[in-house]
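Subject: Handing over a structure

Hi there,

Here is the structure I promised to pass on. Please open it alongside this message, and I will walk you through what turned up.

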Amino acid sequence: MKKSFLNLVAVCGLSILAVNVYAEQGSKGMDMAGMKMDSMQVKPASATALSDGEVKAVDKENKSITLKHGRIKSATVEMGAMTMQFAVKDKTLLSNVKAGDKVKFTVENIDGIATVTTLSVSKQ
Ligand SMILES: [Cu+2]
């Protein structure tokens with residue numbers, strides 16, 4: 001996980017260099033670079049649907065999060081509304097959330113464990 005995150009940082013670093021190159025070519029180049037940066041923020045296409053939830057507890061040590069969630073129906077996980085603890089795929093997912101936050105997340109069945117694979121605070 002950490003390695004792939006570092007790879008992502010490396011890719012972003014390369015894009016920032018590209019922005020600088022475009023900037024020297026004038027405003028038209030800047031626009032193109034801007035589009036490129038925007039597209040990087042778009043989530044990769046996934047069959048996994050976003051679910052809504054509210055954070056009840058965060059446990060970075062054990063890479064888990066307790067979420068009160070609505071109905072979940074993803075490619076590999078289906079359940080009704082409840083409050084439960086999930087494993088998280090990467091503990092960096094937990095760095096921006098705290099109890100009380102409303103979140104959107106995706107869950108996948110990884111080795112039989114319902115695992116949160118993406119997590120972001122909902123914009124109200
Ligand atoms: Cu559940």
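A word on terms before the tour: helices (H or I, at least four residues) and strands (E, at least two) are DSSP runs, numbered from the N terminus, and two strands pair if DSSP finds at least two bridges between them. This is a predicted model, in which local features need pLDDT of at least 70 and side-chain atom pairs count only at pLDDT 80 or more, while totals for chains, interfaces and linings use all residues. Residues are numbered from 1 along each chain as its sequence is written.

**Overall layout**

The protein has two helices and seven strands, and from the N terminus on its elements run α-α-β-β-β-β-β-β-β. Five strands close into a barrel, in the order β1-β2-β5-β7-β6, and the pairing is mixed. Neighbouring strands of this sheet are turned by 55 degrees against each other on average, direction ignored; the axes behind that angle are lines fitted to C-alpha atoms, for helices over the stretch in contact, and angles run from 0 to 180 degrees between N-to-C directions.

**How the strands pair**

Strand β6 (residues 102-110) pairs with β1 (residues 51-59) in the antiparallel sense over four bridges, and there D52 stands opposite K104 of β6. On to β7 (residues 113-121): its pairing with β6 is also antiparallel, over eight bridges, and I110 has I113 in β7 as its bridge partner. Two residues lie between the strands of the β6 and β7 hairpin, where D111 takes a positive phi near 50 degrees. In contrast, β5 and β7 pair in the parallel sense over two bridges, with T115 in β7 as the bridge partner of A87.

**The core**

I call a residue buried if 20 or more other C-beta atoms lie within 10 Å of its own, exposed if 12 or fewer, and partly exposed in between, with C-beta atoms placed from the backbone. On that count, 15% of the 124 residues are buried. A nonpolar core is a set of buried Ala, Val, Leu, Ile, Met, Phe, Trp, Tyr and Cys residues joined through C-beta atoms within 7 Å. The largest one has 12 residues, among them V55, I65, F86, V107 and L119. β2 (64-69), β5 (82-88), β6 and β7 each supply at least two residues of this core, and β6 gives the most, with three.

For contacts, the rule is that the C-beta atoms of two residues, placed from the backbone, lie within 7 Å. Why does L119 count as buried? Because 25 other C-beta atoms lie within 10 Å of L119. This residue belongs to strand β7, and beyond its neighbours within four places in sequence, L119 is in contact with L93, V97, V103 and F105. The C-alpha atoms of L119 and L50 are 9.0 Å apart, although 69 residues separate the two along the chain.

A57, in strand β1, is exposed because it has 12 other C-beta atoms within 10 Å. Not counting residues up to four places away in sequence, A57 touches T66 and A99. Between the C-alpha atoms of A57 and K68, 11 residues apart along the chain, the separation is 9.7 Å.

Best wishes
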